[in-house]
Amino acid sequence: MTTPPALLIAGHGTRDDAGAEAFRDFVRQLGARHPELPVAGGFIELSPPPLGEAVTELVERGVRRFAAVPLMLVSAGHAKGDIPAALAREKERHPGISYTYGRPLGPHPALLNVLERRLDEALGSAGRTPGDRADVTVLLVGRGSTDPDANAEVHKAARLLWEGRGYAGVETAFVSLAAPDVPSGLDRCVRLGARRIVVLPYFLFTGILPDRVQHQTEGWAAAHPEVEVLSADVIGPEPELLDLVWERYEEAVKGDLRMNCDSCVYRIALPGFEDKVGMPQQPHFHPDDDHHHGHGHGHHHGAHSHAH
């Protein structure tokens with residue numbers, strides 16, 4: 001039987017020692033869960049060990065093939081450019097190795113469930129019951145990027161978190177490089193009529209940026225005593241995150257890299273849409289499409305067809 005490829009976890013890196021240690025500990029947990037294969041992890045920048053060192057560690061353990069999974073919620077510059085470039089460099093340094101590259105993690109339903117739990121915890125600490133959401137506006141705060149696609153992914157996560165969960169709304173802000181920033185995001189919530197806001201950091205682990213989100217939230221709340229503002233916790237090394245990294249590993253190994261099927265109502269039971277799972281899909285046509293345009297918009301839709 002052929003040996004399964006090793007697993008390489010690629011992280012952003014952080015100047016925060018606790019955040020870097022959380023990543024290293026997560027890699028150790030994943031290795032303990034899967035003793036049947038070598039697991040290593042490294043960072044692109046800012047904290048040890050660098051990604052190259054993690055590859056060297058695997059090679060020294062006799063690994064020739066591995067799957068690399070970016071431990072990142074969105075595909076921005078790191079996942080799109082830095083990690084592939086680093087892996088290409090490692091291939092030159094270690095002739096004979098081969099690798100596949102997995103997808104970023106979000107916005108997977110399992111992570112949305114953890115975010116929902118973090119919101120419930122924040123509301124519970126304020127004496128609220130989990131079902132008590134109709135007057136709660138959530139401000140989901142992403143890292144922020146110069147890549148519009150990465151910022152759009154945070155909006156997608158916010159929309160999916162809103163669907164079927166009963167919050168008054170889920171707004172979006174960013175802690176760096178993109179507007180609106182946290183204070184502006186909170187201002188927007190108030191303009192939309194929010195009286196109770198939970199600020200939810202869209203981050204995997206503790207670090208300098210999630211800390212900044214909390215400090216900015218506290219500063220804004222102090223200046224707006226008429227609004228109740230709560231801070232939720234980061235996602236953290238939850239079992240769902242361990243499972244999801246493994247799912248990304250298996251996808252990469254099998255070459256089963258899908259489009260956005262993680263959040264497809266025909267595949268996954270999303271809150272309020274459970275009855276759609278497994279529904280057969282038919283090509284459909286829009287009445288507005290005149291015959292000259294009949295190049296089968298419907299066929300295209302049907303063919304993508306969630307007949308995954």
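View 1. His12 counts as buried, with a relative accessibility of 17% (buried is under 20% relative accessible area, exposed over 50% and partly exposed in between, with a 1.4 Å probe and protein chains only). The model is predicted, so local features need pLDDT of at least 70 and side-chain atom pairs count only at pLDDT 80 or more, while totals for chains, interfaces and linings use all residues. Residues are numbered from 1 along each chain as its sequence is written, and side-chain values use heavy atoms, with hydrogens and water left out. His12 sits in the loop between β1 and α1 (helices are DSSP runs of H or I with at least four residues, strands are runs of E with at least two, and both are numbered from the N terminus). Leaving aside residues up to four places away in sequence, His12 touches Phe43, Ile44, Glu45, Met72, His78 and Arg143 (contact means heavy atoms within 4.5 Å).

**View 2. The sheet β2-β1-β3-β4.** Four strands form an open sheet in the order β2-β1-β3-β4, and the pairing is parallel (two strands pair if DSSP finds at least two bridges between them). β2 (39-43) and β4 (98-101) are the edge strands with a single partner each, so one side of each has no neighbour in the sheet. On average, neighbouring strands of this sheet are turned by 25° against each other, direction ignored (axes are lines fitted to C-alpha atoms, for helices over the stretch in contact, and angles run from 0 to 180 degrees between N-to-C directions). Helix α1 (residues 17-33) packs on the sheet and touches β1 (6-11) and β2, with a direction at about 165° to that of β2. Helix α8 lies across β1, β3 and β4 and runs at about 135° to β3. Strand β3 (residues 65-70) is joined to β4 by four bridges, and the two run parallel. Arg65 has Ser98 in β4 as its bridge partner.

View 3. Five of the five residues of β2 are buried, so the strand is largely enclosed by the rest of the structure. Val39, Gly41 and Phe43 point one way from β2, whereas Ala40 and Gly42 point the other way. β1 and β2 run parallel and are joined by five bridges. One of the bridge pairs is Gly11 with Phe43 in β2.

**View 4. Helix α2 and its cover.** Leu51, Gly52, Ala54, Val55, Thr56 and Leu58 are the buried residues of helix α2 (residues 51-60). Their cover includes β1, β2, β3 and α3 (77-93).

**View 5. Packing of α4 on α8.** Helix α4 (residues 109-125) and helix α8 (residues 239-254) have axes that come within 9 Å and cross at roughly 165°. That angle makes α4 roughly antiparallel to α8 (angles under 35 degrees count as roughly parallel, over 145 as roughly antiparallel, 65 to 115 as roughly perpendicular and the rest as oblique). The crossing of α4 and α8 is left-handed (the near helix is turned anticlockwise from the far one by less than a right angle; clockwise is right-handed). Ala110, Leu111, Val114 and Arg117 of α4 meet Glu240, Leu241 and Leu244 of α8. The contact of α4 with α8 has five nonpolar, no polar and two charged residues (Ala, Val, Leu, Ile, Met, Phe, Trp, Tyr, Cys and Pro count as nonpolar, Asp, Glu, Lys and Arg as charged, and the others, Gly among them, as polar).

**View 6. Packing of α1 on α8.** The axes of α1 and α8 are 11 Å apart, and the helices pack at an angle of about 70°. α1 is therefore roughly perpendicular to α8. The crossing of α1 and α8 is right-handed. Phe26, Gln29, Leu30 and Arg33 of α1 make the contact with Pro239, Leu241, Leu242, Asp243 and Val245 of α8. By class, the contact of α1 with α8 holds six nonpolar, one polar and two charged residues.

**View 7. The sheet β6-β5-β7-β8.** Four strands form an open sheet with parallel pairing and the order β6-β5-β7-β8. β6 (169-174) and β8 (228-231) stand at the edges, and each has a single partner strand, so one side of each lacks a neighbour in the sheet. From one strand to the next the twist averages 25°. Strand β5 (residues 136-142) and strand β7 (residues 196-201) run parallel and are joined by six bridges. Val136 stands opposite Arg196 in β7. Helix α6 (residues 182-191) packs on the sheet and touches β5, β6, β7 and β8, with a direction at about 155° to that of β5. Helix α7 (residues 208-223) lies across β5, β7 and β8 and runs at about 165° to β8.
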